Amino acid sequence: MLPANYKQYATRDTSPISPYQHLLKRIKRQEFDADVPEEPPDPCDFGTGAPNLDMCTWLIPPNAPPRSRWRLGMGELSAWVGGPRADHTTSDRQGGYVFYETSYQEDSHQPVVPTLPKPSHQFVGGARPLPQGAGGSSVDLSEDPGVIDSALFISRNLSRTGPMGYCLSFFYIMDGLSADRLIIHLRDMETFENASLWEVREGQEGSWTKGELAYTYDGFHLIIFEAVTKSTNDPARPFRGHFALDDMVFQKMGSPDLDNCFGHCTFEGGFCGWTNDVEDDFDWELGRSSKSFLTGPSRDFSSYNRDEQTGGYAFIDASFPRRPGDKARLLSPNFLATGDNNPVCMKFATHMFGNGVGTLRVMKRVPGDEAPDRVIWEVSGESGNKWYRAQVSVSSATSYQLVFEGIVGTNSLGNIAIDSVSFVPGTCTITPQTAAKNSGDCTFEEDSCGWTNALPIDALDDFDWARQYSYSTSGPTTDHTKGTKEGYYMNLLSNPQAPQRGGTRAWLISPLFSATGRTRCLSLYYFMYERSIDPAGPSLGSLRVHVKSAAGEAGGRITTLWRLHNHQGQRWQTARTPVVMGTERAAPSSPYQIIIEGIWGDGRVGVIALDDISFFDGDCSSHPLKATAVIGECSFDRSLCDWKNNTETPPPLQELGAHRQATKFTKHELVNQEGLTWRLASIISRPANLQDHTFRAPTGYVFFDIFNQATAQHPVLRSPDFAASQNDASCLSFWFAPFGRGEATALSVFRNELQPPEGEEEQRLLIWKLATKKFDTSRPDWTYGQVSVATLTAYRIEFEGEATDGGFALDDVTFYDGNCQTRPERATVEPPPSEKF
């Protein structure tokens, strides 16, 4: 049972029994007997410097076990006892904060895991059994769930909030493999019942993140932060991790100096800065209950189906004198620009009951912009006599407003209500799915939202992605959306009837998107876990994101946006990439589709899965940074990418030996002719059965193979053109494999100047060269190479081979920012003074 009279998202019930019940009763006796102040607690930054660190009025249960305690800390002590390296208040190593260290290592001499008797209820703190499916680990914990620990951080007793409510703002860090989730509970001090008001399951890469919670409550209560660890059975639990809190501030909603919880509203003390549009047909109103059995809610979102006396919501009344099509718009305050990389997730509750229900929309408006409001969320028609949670990502490069637009339906039985509006940092998938309107957002809980596998007739891939829940060891044990075994995600399968070799792939193709002229950002969650690592190294495979133009001059053109290889961890992680086309990185100018490509490596002992795809406006940066697709890079899996053969075209075969009246060329001579150029490896044509470097597949690299020539041949592989950069240099990285009998076989790298001084010819500078001397070319193997390339002026790269009886294979060409040392060292070429960096 949930406590009476709270207002926010209630996500979990807990028992009134707690390991810290006696402490909470003591708090009640101490403060209920006193004159409890109406003002919220003072802000707390936890002090500065070791002698002055202070928890203010916040409490830690004195009987909490040692591994379930929050502690005061500062950056200077972080390498010793844990916690972040600097506080949030001053970004200083002397600044204070509270933190909870989450790691736990069993004593090797006493391997018994400490457990508690299994209770019939969930605990709010201390140690407790792991709920089935929690934690996101790929280890099956269903038979022996182990124990998870949690630590409580408790406010002093708080009085009634009043109708406007309180805003609690704070900064938090959640970092490390052993940290699982951070939850905020509200505890009623009369009944000791608890409700979860706020929860986060992911950190922001160890950086301080702002959290906000707006709520109302008509009774004495506590706010409790609960930090929850992974299970003792989870292999991540021994690894260091921590939660940290700083800059805790309570404020009254509606106060003139309120600078937090902007736009949050529970609609109990007013519209919280939201206003009715003066240019619509009628207004939104505040309400507590519908006056009709046939439309509208009986009570607000938080008290629905509960015996609570407080609660309100905002609604449109579709009764007389309203007519079908009448519109009411509720405008938010002006929000500051989010920037390209910092979207926010708007959460709210909706109630759309009645056979005359029309449409509810969320729109984004840019003040001063003549463009019409843009719909980002929309649901039409009756949804049943229930409240539903909804959410949508919002981002903007300029200040903006959000608009709730209610449209009257076919008759008067069409009241529409909204409640509990809040905002959290980060992106989210549009919910419910029916509100997505071909946006591409998908949680995969109901279906695949228009994302489809490539058709077999198109011969674009080798097998399929499968929408599934966690029913076997072939995928993660929980999805990302719900964090349970019952949740759905997309899992990379394999074709048991096809050869089990590296490099086989599956395409997941989006619906067709219209070009809008705006750059969009794609966000998703991925799971890439390799259960065992081969002695030769990781070989799980790859996950890639491409954009494909479907019309216009670039029809069929594919641009790789994002790629990540092999094992990345035993958990769901976030990915982000801008949707841009070509080397100019421009927003698509014609209809396009997104392709998510999963590729198996040689090992296949693991999981590649994805979940919670969403889009938002903005030219975001790629995340993680190492997954950024680089212009000019190529793994030569099925094409040369934008690289081209630049070898002088030999005369046609019929002209080679024109001095003979009748010439017949043998197969040997035809193959020798092909060897004068770089070409992709194939099953029937590859050097010494060499596997590719990327996936250890039989194909997937480029090579030249020249033999029995009287004079040296020089096949050239040319890169696309690279524009000048503000950086001094980039590092060209590649893998190569020499083969053949000729000791004079060599591979060279040239930098071609594209904009030479006026009157001069294009300059071609040798920057790297390696001959096959001292190489064992009888059994070719991959060797790593790199060299710095000057980038202050426009240029292109050329790989040039030289051989009379041998060749080189090339794979995984890419570029990194900055200078690098030449590798191998004997490939170093001393540049002229003008080219040194």
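Mentor: Happy to! Please keep in mind that this is a predicted model. For orientation, the accessible surface of the protein chain comes to about 37300 Å², and carbon and sulfur atoms hold 50% of that. The chain has 3 helices and 42 strands, and 54% of its 837 residues are buried.

Now let us go to Asn-415, which sits in the loop between β21 (401–407) and β22 (416–425). Asn-415 counts as buried because its relative accessibility is 9%, below the 20% cut-off. Its side chain reaches the backbone nitrogen of Ala-318 at 3.0 Å. Leaving aside residues up to four places away in sequence, Asn-415 also touches several others, among them Thr-295, Gly-296, Phe-315, His-351, Phe-353 and Val-357.

On to the rings: a search of the whole structure finds 45 aromatic pairs. One of them joins Tyr-166 and Tyr-215. Their ring centres are 6.2 Å apart and their planes stand at 90 degrees, so this pair is edge-to-face. Tyr-166 belongs to strand β7 (residues 166–176) and Tyr-215 to strand β10 (residues 209–217), so the pair links parts of the chain 49 residues apart. Tyr-166 is buried at 1% relative accessibility, and Tyr-215 is buried with a relative accessible area of 1%.

Finally, have a look at two arginines. Arg-467 lies over the face of Tyr-488, 4.0 Å from the ring centre, while Arg-764 lies over the face of Phe-750, at 3.7 Å from the ring centre.

Notes. Residues are numbered from 1 along each chain as its sequence is written. This is a predicted model: local features need pLDDT of at least 70, side-chain atom pairs count only at pLDDT 80 or more; totals for chains, interfaces and linings use all residues. Side-chain values use heavy atoms; hydrogens and water are left out. Helices (H or I, at least four residues) and strands (E, at least two) are DSSP runs, numbered from the N terminus. Buried means under 20% relative accessible area, exposed over 50%, partly exposed in between (1.4 Å probe, protein chains only). Accessible areas come from the Shrake-Rupley method with a 1.4 Å probe; for residues, only the protein chains shown count as cover. A polar contact is a pair of N or O atoms within 3.5 Å; within protein, one must be able to donate a hydrogen and the other to accept it, and residues adjacent in sequence count only if both atoms are side-chain atoms. Contact means heavy atoms within 4.5 Å. Rings of Phe, Tyr and Trp (its six-membered ring) pair if their centres lie within 6.5 Å; planes under 30 degrees apart count as stacked, over 60 as edge-to-face and the rest as tilted. A charge sits over a ring if NZ of Lys or CZ of Arg is within 6 Å of the ring centre and within 35 degrees of the ring normal.
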